[in-house]
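Q: I've got a model open on my screen and I'd like to learn how to read it. Can you walk me through it?

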Amino acid sequence: MFKYLRLRYKFSNFALELIIMGNTIKKVGVLTSGGDAPGMNAAIRSVVRACAFYKIECIGIFRGYQGMIEGDFKTLKSKSVNYIINKGGTFLKSARSKKFRTKEGRKMAYDHLVKEGVDALVLIGGDGTFTGGMIFNQEFNFPVIGIPGTIDNDILGTNFTLGYDTALNTAVEAIDKIRDTASSHKRLFFVEVMGRDVGHIALNAGVGSGAEEILVPEENLGLDRLLESLQKSRKTGKSSTIVLVAEGDKTGNNVFELRDYVEENLEGYDVRVSVLGHMQRGGAPSCFDRVLASRMGVKAVESLMAGKKNVMVGTINNKLELYPIEKAVKGHSKIDEELLRVSDILNI
Ligand code: F6P
């Protein structure tokens, strides 16, 4: 066993030396862009520390692409990222830059990178961030590598995005609390969760909190079936009902219209609405997100050193894999349909 471990250590050291010898990347820029997500700080820390380990200079770019356009840069040393692994948000700040959507804006950003001597970029964000990075690379042949960070978990090429696990736990904790008050008053609650156009948060938080019904954009339940389901739930004698609604669901357009519809069409229901909103984006990252961020940051830097570019670091079956950015932005990852079935079975 020891012999095997020593061999493995020797081999990985050898592989490392090869990577270091072949490395032409001397300065890496890192930014966070789009909606912030818990775990982004842990990913920045990992990129900065991996750069320090390999003696690569690391430049923090503030406020995402907007900061790149304005040259809002700062050298980050290992110590610059002390005690941020446990912090929500992003200390590099984030923005959704309109100017980066223009050719002129991207040229300004490129000029700043050249002036600063940055050789490659690590982009932490969602599909908007990656689309921007992909276009930037096509125009200037500038190496970029993505780390998926969004609570929506909607990126192709990875089972998990940073922040998703934390957001799920935040949502479940909030729904548990709503359940307490709902059952005290025998009420029906429509609870809206984030997720943009996909239902990952709604579906998983719904199953995790025992919601009686889950409405996701991927499946149009229809208002009639919703009424049927609510009646069924009431017949079982439950003291509360929770319907979890993904913000992108179209069944009733929005949670307030759903409430009005149920009040008009079902007698005797005391209905309330709760929109969880941006609280789902905040808070300390879960251990899962911190570990994933740490692994992805190191992988991003080592991949750049190995000459990889225009790829995203994804995790597939707990193994880190590189996935072409242009494919990652082509669509959305699919929800687990089996979980919809599980939810139906459990809500008899
Ligand atoms: O992509 C993350 C996300 O929180 C989505 O779930 C939500 O639709 C959107 O961002 C909200 O964006 P903003 O913070 O700009 O209102």
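Predicted model: local features only at pLDDT ≥ 70, side-chain atom pairs only at ≥ 80, totals over all residues.

Q: Is asparagine 347 buried or exposed?

A: The idea is to check relative accessibility against a cut-off, and buried means under 20%. Asparagine 347 comes out at 14%, so it counts as buried.

Q: How is the protein divided into domains?

A: Domain 1 covers 2-163 + 285-328, and domain 2 covers 165-281. Their C-alpha centres are 36 Å apart. Where they touch, domain 1 puts in 13 residues and domain 2 puts in 12.

Q: How much area do domain 1 and domain 2 bury between them?

A: About 1,100 Å², with 48% of it on carbon and sulfur atoms. On the domain 1 side, Asp36, Ile151 and Asp152 account for 45% of the area buried against domain 2, more than any other three residues.

Q: What about polar and charged pairings across that interface?

A: There are two salt bridges between domain 1 and domain 2, plus seven residue pairs in polar contact. The side of domain 1 that touches domain 2 has four nonpolar, four polar and five charged residues.

Q: Which residue forms a salt bridge with aspartate 152?

A: That's arginine 196, with the closest N and O atoms 4.0 Å apart.

Notes
Residues numbered from 1 in each chain as written. Heavy atoms only, no water. Domains from an automatic or database assignment. Contact = heavy atoms within 4.5 Å. Buried area = accessible area lost by both parts, 1.4 Å probe. Salt bridge = Lys/Arg side-chain N within 4 Å of Asp/Glu carboxyl O. Polar contact = N/O pair within 3.5 Å; in protein donor to acceptor, adjacent residues only side chain to side chain. Nonpolar A, V, L, I, M, F, W, Y, C, P; charged D, E, K, R; others polar. Buried < 20%, exposed > 50% of the residue type's maximum accessible area, 1.4 Å probe, protein only.
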